[in-house]
Amino acid sequence: MRRPGAEGVGHAVSRRGLLLGAAALGGTALLAGCGAEKKPILGPPPVAPPTSPTPLTEAVTVQQMRSAARNKNVNLVIIAPEGVSKVGMPVCVALHGRGADARTFLDLDLQKALDQVVAAGLPGFAVAAVDGDNYWVDVGKGDDPQRMLSDELPGWLAQRELQPPSAMFGISMGGFGALRYARDHKELKAVAVASAALFLSWPDAKSRKVFADRAQWESHEPLLHTDDIDPASTGVWCGNSDPFVRADRKLVKALDPAVAKLTPGEHNDDYWREILPEVVKFVGERIA
């Protein structure tokens, strides 16, 4: 095993390996963040694992990296527009939802959306996804996804001749993590969240059985720190039938972001595929 930050522990996996990995992917089961304050309600059912993984190409790679911050190996997925050199490209980091991993973005037609951005005349950029957990924050379990994003990921990208992260995109739990990252990284040019898993109260957050106590949750909860987030670089998307829509409406009201789209949709892959071209366009217009 190589030291963290040096080389990938593995190389791009085979199509068979990706199929096996995809079959093992858990769904993105979530408890709702918008129930009564003392009686959190159950969230949507698990999302089915991907059934048609994207073939690996020069523009799409999956590698295993050793993360000291997380004390484990993690998937590093790089997705770029087809037929465009990745050398020197700006990077948007994509954070997955609970129960998934970085490979979930291979099944959301993300590369197609990147190709559309280039076809429309916007500069190309790469998307880097890594595995996370615990709402992408340190909850005292010796596992610190935020430190991985801040201290390790830039080096992994530099080894691949990519720029440091200049944009963030998060789905569900990843939306929580993206907004948390944005608080400490004011240099970001774009922050986009879809169906962000935010919590209106401590009983709501406590029901996830992730945070050690109320103080820990309050230190991370984006809804309690909207003054630390730049509205001009932020976009918020959420389906009107999403269990987190109440919390996301509160985020929109508090933040008044550059883009706020609350439209028909649920907390599932169909909705995320539908809005992904808008999200990628939002990032592409700002990231160069």
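Author: V245 lies in helix α7, residues 245-255; helices here are DSSP runs of H or I with at least four residues, strands are E runs of at least two, and both are numbered from the N terminus. The model is predicted, so local features need pLDDT of at least 70 and side-chain atom pairs count only at pLDDT 80 or more, while totals for chains, interfaces and linings use all residues. Residues are numbered from 1 along each chain as its sequence is written, and side-chain values use heavy atoms, with hydrogens and water left out.

V245 counts as buried because its relative accessibility is 8%; buried means under 20% relative accessible area, exposed over 50%, and partly exposed in between, with a 1.4 Å probe and protein chains only. Apart from its neighbours within four places in sequence, V245 contacts C238, G239 and N240, where contact means heavy atoms within 4.5 Å. Its C-alpha atom is 8.4 Å from that of A196, 49 residues away along the chain.

Next comes the nonpolar core, a set of buried Ala, Val, Leu, Ile, Met, Phe, Trp, Tyr and Cys residues joined through side-chain atoms within 4.5 Å. The largest core has 51 residues, and L149, M168 and F211 touch the most other members. Helix α7 is among the elements that each supply at least two residues of this core, as are β2 (72-79), β4 (126-130) and α4 (173-184). The largest share, six residues, comes from α4.

Helix α4 is largely enclosed by the rest of the structure, because eleven of its twelve residues are buried. Among the buried ones are M173, F176, L179 and Y181. Their cover includes β3, α3, β5 (165-171), β6, α6 (214-220) and α7. The end C-alpha atoms of α4 are 18 Å apart, which agrees with the 16 Å that its twelve residues should span at 1.5 Å a residue; the expected span is 1.5 Å times one less than the number of residues.

Strand β2 is also mostly covered, with six of its eight residues buried. It pairs with β1 (residues 60-67) in the antiparallel sense over eight bridges; two strands pair if DSSP finds at least two bridges between them. R66 has N73 in β2 as its bridge partner. Four residues separate β1 and β2 in their hairpin, and N71 in the turn has a positive phi of about 60 degrees. β2 also runs antiparallel to β4, joined by four bridges, and L76 has V130 in β4 as its bridge partner.
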